[in-house]
Amino acid sequence: MITRTLAELAAELQGQVVGDDSIVIRGVAGIREALAGDITFIANARYDAHLAETRASAVICGSEPRSSIVPLLVVANPYLAFQRVVRIFRPDTHRPGPGVHPTAVVAEGAVLGEGVSVGPHCVIEPGARLGDRVVLLGGCYVGHDSRIGDDTYLYPRVVVRDDCHIGARCLLHPGVVVGGDGFGFAFDEGRYHKVPQVGNVEIGDDVEIGANTTIDRATTHSTKIGDGTKIDNLVQIGHNVEIGRHCIIVAQVGISGSTVLEDYVTVGGQAGLVGHIRIGKGATIGGQSGVSKSVTAGTTVAGYPAMSHGIWKRLHALMQKLPLLFQRTKDLEDRVGQIERQREPERQREPGRQREPEGVK
């Protein structure tokens with residue numbers, strides 16, 4: 001069993017203990033699930049109420065003033081510190097050792113670096129190059145002339161098609177497809193004709209790609225994913241898209257062809273972006289937004305069609321009042337109608353508005 005005193009953890013995390021630093025920590029858990037011997041964390045002040053009821057032996061937190069019945073480990077970035085603590089108490093014990101499984105097919109002309117692990121039923125085509133300590137778990141496919149950088153880890157059934165390049169220290173979850181054909185067809189004489197997709201995909205270093213995400217190869221040139229970008233599950237990235245560095249793309253997002261995301265863009269879940277637009281550096285797109293035009297750097301948009309987040313919030317608030325406004329309008333119409341009916345006899349008596357008896361001409 002791995003153990004640390006709170007003082008030892010504080011030294012590793014460059015933090016400061018408030019309370020008893022001799023407490024022994026044996027595990028890590030969320031603040032609701034933690035038991036005696038566990039350390040947990042708070043990254044947001046709205047969870048401070050849990051400090052009074054947690055069973056954890058210590059809590060990692062920021063420097064904001066707070067009262068607690070358990071010792072606190074104060075750090076600059078609680079979420080990052082918690083991630084490091086998880087690795088201390090729950091190291092990766094399932095990482096396979098170096099070697100090529102007997103059922104794997106490694107073509108002549110493929111190049112494997114030092115310490116590479118190739119799992120069962122993997123296929124590595126001619127010209128493919130795997131860097132040092134790359135891991136391919138069962139059923140992965142690496143196409144002709146593709147490159148995978150040092151320390152990159154592919155979970156089962158990842159497909160990297162021909163000529164695609166993946167950087168170092170990347171993590172691709174099960175079912176990812178890199179380099180499938182882009183969706184391009186030309187219509188002529190009553191039918192669609194496939195446009196050849198002869199480009200590739202280039203993925204930078206430290207990129208993580210969630211399960212069953214697909215990144216299409218470019219029609220020509222490259223579809224690009226920048227260093228440090230994190231992509232969630234079930235995301236579709238079209239051909240010739242360019243995503244900058246350290247972007248966040250949440251689940252079920254669709255990005256149409258040739259759209260550009262500059263650095264540090266965040267796209268909320270289920271948002272859709274049309275093709276051939278540009279999302280400026282640091283922009284944020286709200287979940288389920290439909291983005292039909294370019295977005296200025298540093299702004300936040302939401303809704304369909306996507307608009308300024310402030311305007312969208314006001315419109316959304318007004319939408320909640322529509323049933324009441326509709327009823328009030330109906331009530332007003334009824335009142336006006338009643339007044340009109342009451343005034344009709346008076347109108348008939350007005351000079352010049354007398355109706356002739358029927359049959360008189």
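In what sense do β6 and strand β7 (residues 72–74) pair, and over how many bridges? They pair in the parallel sense, over three bridges. The legends below tour a predicted model, in which local features need pLDDT of at least 70 and side-chain atom pairs count only at pLDDT 80 or more, while totals for chains, interfaces and linings use all residues. Residues are numbered from 1 along each chain as its sequence is written, and side-chain values use heavy atoms, with hydrogens and water left out.

**View 1. Five strands build an open sheet with mixed pairing.** The order is β2-β7-β6-β5-β4. Strands here are DSSP E runs of at least two residues and helices are H or I runs of at least four, numbered from the N terminus; two strands pair if DSSP finds at least two bridges between them. At the edges sit β2 (16–18) and β4 (27–28), each pairing on one side only.

**View 2. β2 and β7 run antiparallel, joined by three bridges.** Look for V17, whose bridge partner in β7 is L73.

**View 3. Strand β6 (residues 58–61) is covered on both faces.** A58 and I60 on one side are buried, as are V59 and C61 on the other (buried means under 20% relative accessible area with a 1.4 Å probe, protein chains only). In a regular strand, side chains alternate between the two faces of the sheet. Strand β5 (residues 38–41) pairs with β6 in the parallel sense over three bridges, and F41 stands opposite I60. Towards β7, C61 has V74 as its bridge partner.

View 4. Helix α1 lies across β2, β5, β6 and β7, running at about 15° to β7. Helix α2 touches β4, β5 and β6, and its direction makes about 155° with that of β5. Contact means heavy atoms within 4.5 Å; axes are lines fitted to C-alpha atoms, for helices over the stretch in contact, and angles run from 0 to 180 degrees between N-to-C directions.

**View 5. Helix α1 (residues 6–13) packs against helix α2 (residues 78–89).** Their angle is about 120° and their axes are 11 Å apart. That makes α1 oblique to α2 (under 35 degrees counts as roughly parallel, over 145 as roughly antiparallel, 65 to 115 as roughly perpendicular and the rest as oblique).

**View 6. L9, E12 and L13 in α1 meet A81, R84, V85, I88 and F89 in α2.** The residues of this contact divide into six nonpolar, no polar and two charged. Ala, Val, Leu, Ile, Met, Phe, Trp, Tyr, Cys and Pro count as nonpolar, Asp, Glu, Lys and Arg as charged, and the others, Gly among them, as polar.

Key: Buried < 20%, exposed > 50% of the residue type's maximum accessible area, 1.4 Å probe, protein only.
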